[in-house]
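Here's a quick briefing to read alongside the structure.

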Amino acid sequence: MRIHKEGFIIIPVSAVLIGLLYALLYYFIPIAAIQYILAAAALIFWILIVRFFRNPEVPASQLPDQVLAPAEGKVVVIEKTREEEYLKEERIQISIFMSPLNVHVNRSPFKGKISYFKYHPGKYLVAWHPKSSTDNERTSIGFELENGKKMLIRQIAGAVARRIRFYPQVGDPVDNGSEVGFIRFGSRVDVYLPLDADIKVKIGDITDCGKTVLATLK
């Protein structure tokens, strides 16, 4: 299992802290049955931390008209909305909720270049809250496709997430399916598509990051 670079420090540090906590409880609770339970709980918790930072390998798509899921999770919103920050027009918004059990790598839905980036401090409402797209801590990332069309995604922190990462800089080229960021621990990603996009998913669908086709562009 590949581990994402965001976990290179957290995984060993968490192992040390969990080990120290277990040793302390082991010393003060000299009851064998409880010690076994604590050992199992500590191991399970550490395994969950390691799994959170897993980074499956995903080849970039060679079909530029495909919009790939930027996150692994559940589709919780598909609706028409007006995007005022960058696109300044009506779009179809598709939102994917990422639970702490999902892979938290983010991948580019589009092939093109990064044309806009802005970080917004904010609240930490639960990620499926209707106002999380505008009130929560978030990053807005604009894309310019090879045909000149503009697109936008938002990485949104949730009630547990406290760190949003986006790696490319404005002007950098990206492929659809290429790794662009990471959010921990539990969050949401919004994608804003043209009104004439052919949507391929429905609310409740489970997405596979960099593989599930959300829509095709015309």
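**The chain at a glance**

Of the chain's 218 residues, 47% count as buried. Keep in mind that this is a predicted model. Its secondary structure comes to three helices and 14 strands.

- Take the contacts between residues at least 6 apart in sequence: 71% of them join residues at least 24 apart.

- Eight strands line up in an open sheet, in the order 9-5-6-7-11-3-2-13, and the pairing is antiparallel.
- Strand 9 (173-174) and strand 13 (206-207) sit at the edges with a single partner strand each, so one side of each has no neighbour in the sheet.
- As background, strands of a sheet pair through backbone hydrogen bonds, either parallel or antiparallel.
- Strand 2 (residues 73-83) and strand 3 (residues 89-98) pair up over nine bridges, in the antiparallel sense. To find one of these pairs, look for arginine 82, whose bridge partner in strand 3 is glutamate 90.
- Strand 5 (residues 112-120) pairs with strand 6 over eight bridges, again antiparallel. Here histidine 120 has arginine 138 in strand 6 as its bridge partner.
- Strand 5 also pairs with strand 9, over two antiparallel bridges. Lysine 113 stands opposite proline 173 in strand 9.

**The nonpolar cores**

- In soluble globular proteins, nonpolar side chains tend to be buried together.
- The largest nonpolar core has 29 residues, and those with the most contacts inside it are Val67, Ile94, Phe110, Phe143, Val191, Leu193 and Leu214.
- Which elements give two or more residues to this core? They are strand 3, strand 6 (138-145), strand 7 (150-157), strand 8 (163-166), strand 10 (179-184), strand 11 (187-193) and strand 14. Strand 3 supplies the largest share, four residues.
- Another core, of 10 residues, lies apart from that one; among its members are Ile11, Ala42, Ile49 and Phe53.

- Serine 14 is found in helix 1 (residues 7-28). Serine 14 has 9% relative accessibility, so it counts as buried, the cut-off being under 20%.
- Setting aside neighbours within four places in sequence, serine 14 is in contact with Trp46 and Ile49.
- Isoleucine 9 has its place in helix 1 too. With 64% relative accessibility, isoleucine 9 counts as exposed, because the cut-off for that is over 50%.
- Isoleucine 9 also belongs to a nonpolar patch on the surface, together with Phe8, Val13, Val16, Leu17 and Leu20. Together, the patch residues have about 640 Å² of accessible area.

**A loop residue to look up**

- Aspartate 208 is in the loop between strand 13 and strand 14 (213-216).
- Aspartate 208 is partly exposed, with a relative accessible area of 33%.
- How many residues apart in sequence are aspartate 208 and alanine 71? They are 137 residues apart along the chain, yet 6.9 Å apart in space, C-alpha to C-alpha.
- Not counting residues up to four places away in sequence, aspartate 208 touches Ala69, Ala71 and Glu72.

Methods. Residues numbered from 1 in each chain as written. Predicted model: local features only at pLDDT ≥ 70, side-chain atom pairs only at ≥ 80, totals over all residues. Heavy atoms only, no water. Pairing = 2+ DSSP bridges. Buried < 20%, exposed > 50% of the residue type's maximum accessible area, 1.4 Å probe, protein only. Contact = heavy atoms within 4.5 Å. Core = buried A, V, L, I, M, F, W, Y, C linked by side-chain atoms within 4.5 Å. Patch = residues over 30% accessible without salt bridge, like charges linked within 9 Å, V, L, I, M, F, W, Y side chains within 5 Å. Areas by Shrake-Rupley, 256 points an atom, 1.4 Å probe, with all protein chains shown as cover. Salt bridge = Lys/Arg side-chain N within 4 Å of Asp/Glu carboxyl O.
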